[in-house]
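Student: Could we go through a protein model together and check each label against its definition?
Tutor: Gladly, let's take a look.

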Amino acid sequence: MKPLDQTLRTVFGYDSFRPLQREIIETGLAGNDAFALLPTGGGKSLCFQLPALHRKGLTVVVSPLIALMKDQVDQLRVSGVAATFLNSSLGVKETKERLADLHRGKYRLLYAAPERLLMDHWRENLLRWNVEAIAIDEAHCVSEWGHDFRPEYRRLAELRDILPDAPVLALTATATARVREDIVRYLRLRDPRIFVASFNRPNLFYRVLPKDQPLRQIQEFLRRRPEDPGIVYCATRASADRLAESLSAKGIPALPYHAGLTAKERSAHQERFLRDEARVICGTIAFGMGINKPNVRWVIHHDLPKNIEGYYQETGRAGRDGLPADCLLLLSAGDVAKQRHFIGEITDPSERAIAERQLRQMLHYAEGSACRRSELLAYFGEKYPGDNCGACDNCNEPRSTYDGTVPAQKFLSCIARVRQGGGFGVGLNHIIEILTGADTEKIRRRRHDRLSTFGIGRDLPRPEWAAIGRELQRMGLVRQSEGEYPVLELTAGGVDALRSRQRIGLTRPIAPAPGTRPKADRGEVECDEALFEELKRLRKRLADERGVPAYVIFGDVTLRHMARQYPATPEEMARVFGVGERKLAEFGQIFSLAVGRWLATQPRLTFD
């Protein structure tokens with residue numbers, strides 16, 4: 001067995017690398033810089049953890065979040081890897097002890113925040129510690145075009161001057177082409193090898209529903225998943241607080257997480273979630289980056305996200321272990337209006353134009369009838385190879401179309417009449433006000449109440465007209481201009497459609513009732529479910545005794561393999577996915593005895 005494969009098996013318990021992992025690891029060990037874009041759950045951490053065990057010196061890992069550092073260090077220690085972190089959560093005494101151990105060369109991996117690494121007196125430390133490699137996690141934080149820009153990340157280029165011989169690996173789970181260019185430039189990567197894995201997360205099921213009594217909808221969603229932990233993303237602190245309180249009152253353990261809480265409260269809530277003491281976190285976008293909990297089984301967006309990049313990142317926190325997980329977005333016209341209001345308050349014209357474009361892309365995804373997986377991949381420049389992904393609502397329950405020629409003609413005609421009447425265009429909301437016959441000062445001042453299209457759309461509500469307008473944009477019949485005051489105008493195709501009165505098919509709105517998750521294979525490991533639950537209880541007890549989250553002992557995937565293979569001896573346990581040498585030595589006998597006790601009273605099930 002090759003050395004890298006040997007380490008993968010004995011330390012981490014895996015039999016094979018995930019896509020691109022081996023190539024990234026070998027690039028770093030050869031002393032070369034690399035940029036790696038791997039989706040959440042794609043195994044980014046292994047790309048710097050494993051090669052650290054094949055170096056004599058120290059690998060420094062730059063991480064933006066305290067929780068992530070502790071989480072990964074806990075998991076590495078359980079696997080027998082000498083790793084530590086330094087951040088503001090440690091007291092003076094513990095910090096001094098860890099620094100002394102670093103001076104003695106005790107550790108292979110050090111996790112630290114960027115601002116700590118760049119303190120003036122740390123230059124000497126970095127030079128003394130024999131740093132042989134640098135890994136920069138969440139590297140998109142370096143770019144203003146990313147969804148989580150952090151100015152301190154720009155200064156990380158200074159590490160090149162301090163440690164010129166150390167190869168740098170920059171990693172992220174989400175980055176457009178522009179963000180990728182920024183990462184390479186601002187971090188001063190030297191002729192890096194670029195690795196971009198597929199953005200596809202086949203185990204995630206994507207669904208969008210019209211928001212209608214969201215508390216009731218979320219309760220119904222959770223009722224069908226009584227044991228599964230998950231995250232609800234809310235737009236505001238107040239809504240996160242209210243939802244957590246309401247769910248708790250209904251007997252569902254839920255906690256809020258947002259910047260309005262103290263650091264101590266946020267840390268405590270996150271820790272309870274990681275340890276499965278709270279089933280639900282109701283958080284703003286402040287929650288989640290770097291959260292390493294692999295068994296998040298669902299993510300709900302209570303409110304419309306600002307952009308697709310953030311949405312992809314947030315949904316990506318579900319199903320990191322590769323088992324099936326669900327992503328539900330609740331959509332309402334009110335949420336769209338709120339987003340437009342916030343965008344209107346942006347004073348910088350270029351920033352406002354970017355926000356407008358991002359919102360249009362988000363609505364295109366949320367309201368469209370095409371495969372949601374294809375839409376997400378297309379945003380990142382990737383083409384989905386199939387016609388039907390089998391794991392989104394639009395593919396599993398295609399929405400019907402109807403002859404929308406009449407409303408489409410009304411909409412197109414209204415844009416044309418406004419242009420003819422004044423020589424200038426107006427925005428989507430103004431077109432809708434004309435169609436629905438709104439009596440506003442703006443309409444009277446512009447004499448739009450005298451247009452032939454004024455009031456011809458009173459038969460449909462405003463949200464439906466808004467959806468029709470956006471669908472006509474998706475169809476390429478209408479476009480919205482860029483700039484400070486975007487207006488609607490007909491494309492050449494729109495002009496032809498208006499003149500020829502060609503039939504225009506429109507998509508019916510999203511059905512209000514949620515469907516059940518399909519049983520299609522999306523990474524599920526079929527097993528003895530009763531034994532799986534028994535092993536989960538054992539895992540929880542062991543984790544509580546050690547003061548770590550349950551998945552630090554074994555992940556759900558490993559427990560499901562145990563409940564499928566029935567390893568009743570340590571020798572059989574050694575062949576289970578995710579059981580490395582250190583974990584086998586510490587936990588192998590405990591779990592194999594539990595399996596043996598189970599088999600003494602229960603039948604062994606067979607699986608295909």
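Predicted model: local features only at pLDDT ≥ 70, side-chain atom pairs only at ≥ 80, totals over all residues.

Tutor: Residues are numbered from 1 along each chain as its sequence is written, and side-chain values use heavy atoms, with hydrogens and water left out.

Student: Why is Ile456 called partly exposed?
Tutor: Buried means under 20% relative accessible area, exposed means over 50%, and partly exposed is in between (1.4 Å probe, protein chains only). Ile456 has a relative accessible area of 30%, so it is partly exposed.

Student: Where does Ile456 lie, and what is it in contact with?
Tutor: Ile456 lies in the loop between α20 (441-445) and α21 (462-474). Helices (H or I, at least four residues) and strands (E, at least two) are DSSP runs, numbered from the N terminus. Contact means heavy atoms within 4.5 Å; leaving aside neighbours within four places in sequence, Ile456 is in contact with Lys410 and Leu435.

Student: What makes strand β6 largely enclosed?
Tutor: Five of the five residues of β6 (residues 168-172) are buried, so the strand is largely enclosed by the rest of the structure. Val168, Ala170 and Thr172 point one way, while Leu169 and Leu171 point the other way.

Student: How do you know which strands pair with β6?
Tutor: Two strands pair if DSSP finds at least two bridges between them. Strand β1 (residues 34-37) pairs with β6 in the parallel sense over four bridges, and Ala34 has Leu169 as its bridge partner in β6. Strand β5 (residues 131-136) also pairs with β6 in the parallel sense, over three bridges, with Ala170 in β6 as the bridge partner of Ile136.

Student: Why is helix α25 called largely enclosed?
Tutor: Seven of the ten residues of α25 (residues 556-565) are buried, so the helix is largely enclosed by the rest of the structure. Among the buried ones are Leu559 and Met562. The cover over its buried residues includes α23 (529-546), α26 (570-573) and α27 (581-601).

Student: How do you know that the radius of gyration agrees with a compact globule?
Tutor: The radius is taken over C-alpha atoms, and the globule rule is 2.2 Å times the number of residues to the power 0.38. With 608 residues the rule gives near 25 Å, and the protein has 27 Å, which agrees.
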